[in-house]
Amino acid sequence: MSEILSSSHDFHIDTFQVFNGNSSGNSLEKLEARIAAGAIHDSAERCDAPKCQLETRVAIQDDLYDWIIDGDGDFNQPTNIKWVTGPAGTGKTAVMGSLSERCKAGGVLAATFFFAFWSSSVGRRRKTAFVTTIAHQLARYHPDLREQIGRAIDANSDIFDKNLRTQMEVLVLGPLQKIARPVNSPGLQGAIIVDGLDECEAEQYHDTSNTDLKFKSLTPRTNDQDQLEILQVLQVASLDPSFPFRIIIASRPERVFREFFDPERSPGTPFAQKLDLHERYNADADITLFLETQLNRIRRRYNLHRSWLPPNTIKILVDRASGQFIYAATVIRFLQTGQREPPKVLIEAILKMRRATATSNPLEQLDALYFHILSSSPDPLLSVRWIRSIAELNQFASARSFAYNVHMLLEKDPEGSEDQEHLFGNLHSLLHIPSSSNQKTTRYGFHHKSLLDFLKDSYRSRHMYIEEDLLRGFIWDRFVSTCMRDCNIHAPYPRLYLKFLVYLPSDIDIALMSAHSETIPTPASTDWWVSLAIAYNQAGSLWRIFRGVHISVRTANLYRNVKLKLNLSLSFHLSALGMVASQHVESGAVPFYVVWDQLLGLHLAPCGKVVVIHSGTGFTSFYQLVVQAVEHLGPTKATRAKSSNRAVMIHLTW
């Protein structure tokens, strides 16, 4: 620029613009910031993901690979979408992982997306990053396509806030149409592989706990609604003449998928013939080969004799697997992770398990194996409570439910016998437990979703089943116990853990189950938690505690057989945790505190009550919060009786 204008004079510039020659590069950086990197088949997060063992599931992979290359052979009505299905444990994810590697090696992989319910990445559990992740991979697929996707982002700066269909049209179909290449041209063929779509959980767009009447008509979105939205977006893409890719979708045979791929329900969309791993292929030979290979590795690892296995071991295990790879894989993990007995003792115990008789439950053998492994814990029922609590916290408090936080919450007594290693020492075949160095950044995980399916089914898990109310009550118990313990410990806790405790009532309505708890909080523990909530500006958590305790108490008091002891403890709950800090907080210790003589238990005589709120910076709207809370309990009145720079007095009458 300086050289061009070096000898120029007597001019002025009305408009001056500098053009960056790498604008598409900047746009693709914006795109990359919106993807779920862990969902791509070769991501670091999937380093331990299942793959098909060499020489197993060969016929299935051959069929799918041939379809990707050649289609169904019907040129008059080509099909671009194929559904791969099968029950839990039939090896769908392993097949999709191995197929992705094979397609990549053959130069016919366009993009992949592996959903996972257990992932700490929200992007792998929800739809938000689906189209952007596909587009990001396609941008690497062809230079011309990369340029067009970058331009599309520049021209549509709000595209990341649009719905999935608009994103697909702008980020994928539009760039493909701009290239305008024949669909059979080199470099524009291949597969888009989507695995585990049935594990996609619903994205919520409003606060489902809001009790305001104007929100009553807003029902939460369901998982199958978001799963159907993704299916419909892929269907629209597959029907576009410029779309050159074949799409493979792997999922369980849930209703939304059965109905979507039913030819009678979608007569205008030609789908390829579905591939059912359970019906079409006999997996016994592959399971046999898998077990032979893995048991030989265990023999070499422990230097066992060649005849270490009892007679017919592999035949018995294959028979019990009933075509489910998850059974065989769980047996092998159990043998590899056993910490208290040698493999020979463990395999003999598995073989001695009572054989199931004829039953309507096709997962009977898998259930028996889960019973056997869980029973090896020193406290099986407590272990199940921990496992269910981990799953609950992973789902509703996912942003903060790292293993360290969850362990600190659930561990009732640090000096006792309820620590993670004591309970889970024999359960590593079912759970992924992060190493101690990674527990502050990694969540607990589950090797397979079928474990949670088993524990949530009262018919299958029988005496190990925990009702949802009792599970929430258990988490509430541990929350109260944690506050009582931690308020007496002066060692500084990591900010990560403190934020977890503060946000927990907002993430999951544990206070709704307070009536199921016999753990009575102390004023000091209440002060400690309320002080944290104030420090982190979390009025929402205070409101959830207040609302949850009152709803729980009111529900409990409707029953005539509620014991007097329970009523007394509930009364204490109200005075201790219903958004109340003790009167004993020293002046200036916290920005504000609430002194509440008695709270609104139904068992108390109707009378006027006075609430004194000491206000501080950042909480000037707390008066409105209290009014909203008590009006919800109605019929009540809340009037601002007295106000000063230091305090607000509110009279409550009902």
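Predicted model: local features only at pLDDT ≥ 70, side-chain atom pairs only at ≥ 80, totals over all residues.

Residues are numbered from 1 along each chain as its sequence is written, and side-chain values use heavy atoms, with hydrogens and water left out.

Which strands make up the sheet, and in what order? I found five strands in an open sheet, ordered β2-β3-β4-β1-β5 with parallel pairing, where strands are DSSP E runs of at least two residues and helices are H or I runs of at least four, numbered from the N terminus, and two strands pair if DSSP finds at least two bridges between them. The edge strands, each pairing on one side only, are β2 (109-114) and β5 (275-276).

I then followed the partners of β4: strand β1 (residues 81-85) runs parallel to β4 (residues 246-251) and is joined to it by five bridges, while β3 and β4 also pair in the parallel sense over five bridges. Ile-249 of β4 has Trp-83 opposite it and Val-194 opposite it as well, and Ala-250 of β4 is the bridge partner of Val-84.

**Helices on the sheet and beside it**

Helix α3 (residues 92-105) lies across β1, β2, β3 (191-195) and β4, and runs at about 155° to β2; for such angles, axes are lines fitted to C-alpha atoms, for helices over the stretch in contact, and values run from 0 to 180 degrees between N-to-C directions. Helix α8 packs on the sheet too, touching β1, β3 and β4, with its direction at about 160° to that of β4, contact being heavy atoms within 4.5 Å.

I next looked up how α8 meets α7: helix α7 (residues 164-179) and helix α8 (residues 223-239) pack at an angle of about 35°, their axes 10 Å apart. The contact is made by Leu-164, Arg-165, Met-168 and Leu-173 of α7, and by Glu-229, Ile-230, Val-233, Leu-234, Val-236 and Ala-237 of α8.

Helix α5 (residues 130-139) is mostly covered, and I found ten of its ten residues buried, among them Phe-130, Thr-132, His-136 and Gln-137.

**Two positive phi values**

Most residues other than glycine have a negative phi, so I checked the exceptions. Asn-312, with phi near 65°, is found in the loop between α11 (284-301) and α12 (313-321), and Asn-312 is exposed, with a relative accessible area of 53%. Arg-462, with phi near 50°, has its place in the loop between α20 (458-461) and α21 (468-486), and Arg-462 is partly exposed at 47%.

**Whole protein**

Key: Buried < 20%, exposed > 50% of the residue type's maximum accessible area, 1.4 Å probe, protein only.
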